[in-house]
Amino acid sequence: MNTLQKLQKKEDDEWISAFQSKNYTKVEQRVLCQLMEAVIYEGIVIPKNEQSFSTDFEGHLVLSGKTKEEKTVDYIFYCKRKFSFDRFRIIRGTVKRKGPSEETTEATLPGFVEEVIGQVQKKERLMVLLEELEHTLAKDLQAQYQRPEYPLSETQRNYDELEANIIEAHPYHPCYKSRIGFSLRENLLYGPEFKTKLKPVWLAVSKSESNISLSNGIDYISFIKEELGSKTYEEFISILNVKGLNAIDYWFMPVHPWQWEKIILPGFHRQLAEKKILLLGQGVDFYSSQQSIRTWTNSCYKEKAYIKQALNITNTSTKRILAEHTVMNAPLVSDWLLSLIKDDKTAKKLDFFFLSEFVGISYDYQKLPSMVQSKTYGSLGVIWRQSLHRYLRDDEKAVPLNAISHMDGVQPFIEPWIRKYGLETWTRQLLNITITPIIHMLYAHGIAMESHAQNIILIHKEGFPSRLALKDFHDGLRFSKKNLKQPAACPDLHLEPAHHREINRHSFMQTDDLSAVTNFMHSAFFFVCISELCIYLNEKYGLKEKYFWEMVAQVIHDYQKDHPQYKQNFKLFDLFSKTIQIEQLARRRMWKDTEVGPKSVPNPLHQYR
């Protein structure tokens, strides 16, 4: 057995140990319960005793299915109906399968998919769902198996380290870590949980075949020299010169190593042959992967830009490509947002900030034959985003907002802060700091932000929330131009092409439907982010959900009282509506996007209007 074979056998043995460990049952239960919560909530399957569960229901529910022999089976589980949007919470470890002969066994993920969901969806779509679920199980198991059970050190609680140490992923989506495209070996190499130091592959892409978008005041040559370092920059120029090419005719851009091997080499072979794309090699700086996987942090110089790279894997059911129009829009949108808050007195008082996406480069897919276009669309692009560390003050630290719901060893991550400041004092401060900037952008400027917990960075001083940083805007806004406070300031954005809507009809920024603007923010921020925080504080600290939402409402009311000049927008963008519209994330896995609309769910803020 050679060295490579020995190494692969060692890895295989470790993976088998992971599958045979107690972590397997724990992770399968999470995937199974999250799937069940979503399919019940979205009305895909209906419990037998559905009439018995009200908003405050707590007890056993039953979902029925059929075996391959068409015999009835029941899946019995203990469930709580939460006040937060009437969400379901299934208690992990309580799901049992009662067979046709009344025998009770542990429920399994593939068994539930085949026997229960198989009654409402068949064949290919069901297989796609099961594949994503099983990949999620395997890849989360990899992460959980190597996860230490002891608390994080002080260094590990710093922002850059937390991007790797927070491994829970999406709290509602059942396919929260599928990463379809990555093998287990590739997941171990590129997954943020495993903290591998990485280097992107640098390419030279002909300017005649690509497009660039720059923020105001950014000079590409100066920027790329600083990003690469003078020595590497000159080496890359020499590579082109040796081939008889002029560097002035090319953009230098990084790509993910997996993307280079799996997508660019086979997909752009003609461009490589014709020297429209050239391989330059690697730079000297190492990077680490953030939670979003395709965004990398410079590990050598923390003030250097983050790089967001196209990555043709499927994660949380979405291909992680970078569509050309979004890459071109990134600096335009960032400059626009910065211009809006520049002289905004409330924004200055709140002291929040945006991490600007200031350079974007994308291949021009219109240069390709139509069949090649569809195959390579969105696969060769990059966005550079400002580093958080350019903004942090000496007495400040930062955490991704989803760290708040993180278990640190056997205790909550926030436990030291709760002990120090008290549950209610700390929670009220957190809500003020997180909610106010987001509703300010909606009420004062007419812009809804897709602010889920990965896109929000909480700045704190010794654990006490102090201000907010927001990121990821290239396709993360929604607005009606005629209802903007300053419509003339809105840039002429690159519109999504028709075929992009076919890929993802939910991906657009401009609309004349004001309810779509409000729901865009509501579903990402309040439905997932804030309600998950509410449920977590309820389960870990006994904070009553209704009291929590009363505190949320108070933040909004206080803002409205202090800003009567936006009274008209309080009505146009009604956060206290009886219901809101959410994306049906599980249903979208089982039917085509064109067949799935939003779902109306009760709004916990309504009774506090």
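**Reading a predicted three-domain model**

Modeller: The chain is divided into domain 1 (21-165), domain 2 (184-385) and domain 3 (392-608), with bounds that come from an automatic or database domain assignment. This is a predicted model, in which local features need pLDDT of at least 70 and side-chain atom pairs count only at pLDDT 80 or more, while totals for chains, interfaces and linings use all residues. Residues are numbered from 1 along each chain as its sequence is written, and side-chain values use heavy atoms, with hydrogens and water left out.

Colleague: How do you know that domain 1 is in contact with domain 2?

Modeller: Contact means heavy atoms within 4.5 Å. Twelve residues of domain 1 are in contact with 15 residues of domain 2. The C-alpha centres of these two domains lie 37 Å apart.

Colleague: Why is Trp549 called buried?

Modeller: The word buried means under 20% relative accessible area, exposed means over 50%, and partly exposed lies in between (1.4 Å probe, protein chains only). Trp549 has a relative accessible area of 0%, and is therefore buried.

Colleague: What makes a group of residues a nonpolar core?

Modeller: A nonpolar core is a set of buried Ala, Val, Leu, Ile, Met, Phe, Trp, Tyr and Cys residues joined through side-chain atoms within 4.5 Å. The largest such core has 122 residues, and Trp549 is among those with the most contacts inside it, as are Phe526 and Phe548. Helix α17 (residues 514-541) gives the largest share of this core, 14 residues. A second, separate core of 50 residues includes Phe182, Trp258, Leu311 and Ile361. In soluble globular proteins, nonpolar side chains tend to be buried together.

Colleague: What makes β15 and β18 edge strands of their sheet?

Modeller: Two strands pair if DSSP finds at least two bridges between them. The open sheet of four strands has the order β15-β23-β22-β18, with mixed pairing. β15 (353-354) and β18 (397-400) each have a single partner strand, so one side of each is left without a neighbour in the sheet.

Colleague: How do you know that β15 pairs with β23?

Modeller: Two bridges join β15 to β23 (residues 464-470), and the strands run parallel. That meets the requirement of at least two bridges. Within this pair, Phe354 stands opposite Leu470.

Colleague: What is the phi of Ala169, and why is Ala169 called partly exposed?

Modeller: Phi of Ala169 is near 65°, a positive value in a residue other than glycine. Most residues other than glycine have a negative phi. Ala169 is found in the loop between α5 (159-165) and α6 (184-190). Its relative accessible area is 23%, so Ala169 is partly exposed.

Colleague: What makes Lys195 partly exposed?

Modeller: Lys195 has a relative accessible area of 43%, and therefore counts as partly exposed. Lys195 lies in the loop between α6 and β6 (201-206), and its phi is near 60°, a positive value.
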